[in-house]
Amino acid sequence: METFDELKEICRRACHERNACKEGFEAMLLAENTAELMHVWRRWWEDVWESKYADIMTERIATAHGRLRREMRQSDVFVNESSERGLVIVCRPDRQIQVGGRAKCYVFGTAAEVTATDHAQVYCRESGVRLTLRGYATGRVKAGDCRCYDRTMLQGTPDSVELHDQAKFEEGNKQEKI
C-alpha cells in the first residue's frame, strides 16, 4: 500500500464487510486526505477496536504507515511508535513501545513489549504481550503478561500479573468490551 486512496479503499471494504455504523462509514467516505481519515479513526476508534475490522488493521496498517507516517503523526496517530499523546496502535513492533502522558495505546500484535507511564491507557487482547504499567497508567486487558508498579490500575483477565508498590488489580471486566 502506498497511497491514501489505497488506504481509504481498504477502510471502505472493511467497513462494508462488517456493516459499520452509517455515521462512521459516511464520515470515512467523505475523508479527502490522511488527516481527515485519521480523525475518523479517532472518532470511531472504539468501534474499530471491538470489530473484526481490527484484524484488517493489524494486517494492513503497518504497510500503510510507512508511506503515510508524517500525515498520521500530524493527526496524533502513531503506529509502532512511542508517544506521549494521541492514539498509539501497536501491531508487529520491532522494538519496545513506550507510551506516556495521556496517550491511549491499543495492542493488536503479539510479541509486543509496551511500557505505559503517567496517565497513559493501554488496551490489550493478545497473549504473548509483555505490559508494564508505571505511575498512574491504567490497563484493560484480556491477555498478556502484566507488571504493575506505583499507583497503576489493571483490569481484566491477563495471563499473569505482578503487583508492586500500591498497584491495584481488578480481575474480570466491569464492562464486557476490552
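Asn 80 lies in the loop that links strands S1 and S2. In this predicted model, Asn 80 has a positive phi of about 50° although it is not a glycine. With a relative accessibility of 10%, below the 20% limit, Asn 80 counts as buried.

**The loop between S1 and S2**

- Ser 82 is also placed in the loop between strand S1 (77–79) and strand S2 (87–90).
- The relative accessibility of Ser 82 is 37%, so this residue counts as partly exposed.
- When neighbours within four places in sequence are left aside, Ser 82 is in contact with Gln 96, Ile 97 and Gln 98.
- The C-alpha atoms of Ser 82 and Ala 103 are separated by 9.5 Å, while the two residues are 21 residues apart along the chain.

**The sheet of seven strands**

- Seven strands form an open sheet with parallel pairing, in the order S1-S2-S4-S6-S8-S10-S12.
- At its edges are S1 and strand S12 (168–171), each of which pairs on one side only.
- From one strand to the next, the twist of this sheet averages 15°.
- Within this sheet, strand S6 (residues 121–124) and strand S8 (residues 138–141) are joined in the parallel sense by four bridges.
- Across this pairing, Tyr 123 stands opposite Arg 140 in S8.

**The sheet of five strands**

- Five strands make up an open sheet, again with parallel pairing, in the order S3-S5-S7-S9-S11.
- Strand S3 (97–99) and strand S11 (160–163) are the edge strands; each has a single partner strand, so one side of each is left without a neighbour in the sheet.
- S3 runs parallel to strand S5 (residues 113–116), and three bridges join the two.
- The bridge partner of Ile 97 in S5 is Val 114; Ile 97 is also one of the residues in contact with Ser 82.

**The loop between S5 and S6**

- Asp 118 is found in the loop between S5 and S6. Of these two strands, S5 belongs to the five-stranded sheet, whereas S6 belongs to the seven-stranded sheet.
- Phi of Asp 118 is near 60°, which is a positive value in a residue other than glycine.
- Asp 118 has a relative accessibility of 34% and therefore counts as partly exposed.

**The helix pair H1 and H2**

- The axes of helix H1 (residues 4–17) and helix H2 (residues 22–30) come within 10 Å and cross at roughly 165°.
- An angle over 145 degrees counts as roughly antiparallel, and H1 and H2 are therefore roughly antiparallel to each other.
- The crossing of these two helices, H1 and H2, is left-handed.
- On the side of H1, the contact is made by Lys 8, Cys 11, Arg 12, Cys 15 and His 16; on the side of H2, Phe 25, Met 28, Leu 29 and Leu 30 take part.
- By class, the residues of the contact between H1 and H2 are six nonpolar, one polar and two charged.

Methods
Residues numbered from 1 in each chain as written. Predicted model: local features only at pLDDT ≥ 70, side-chain atom pairs only at ≥ 80, totals over all residues. Heavy atoms only, no water. Pairing = 2+ DSSP bridges. Axes fitted to C-alpha atoms, helices over the stretch in contact; angles between N-to-C directions. Parallel < 35°, antiparallel > 145°, perpendicular 65-115°, else oblique. Left-handed = near helix turned anticlockwise from the far one by under 90°. Contact = heavy atoms within 4.5 Å. Nonpolar A, V, L, I, M, F, W, Y, C, P; charged D, E, K, R; others polar. Buried < 20%, exposed > 50% of the residue type's maximum accessible area, 1.4 Å probe, protein only.
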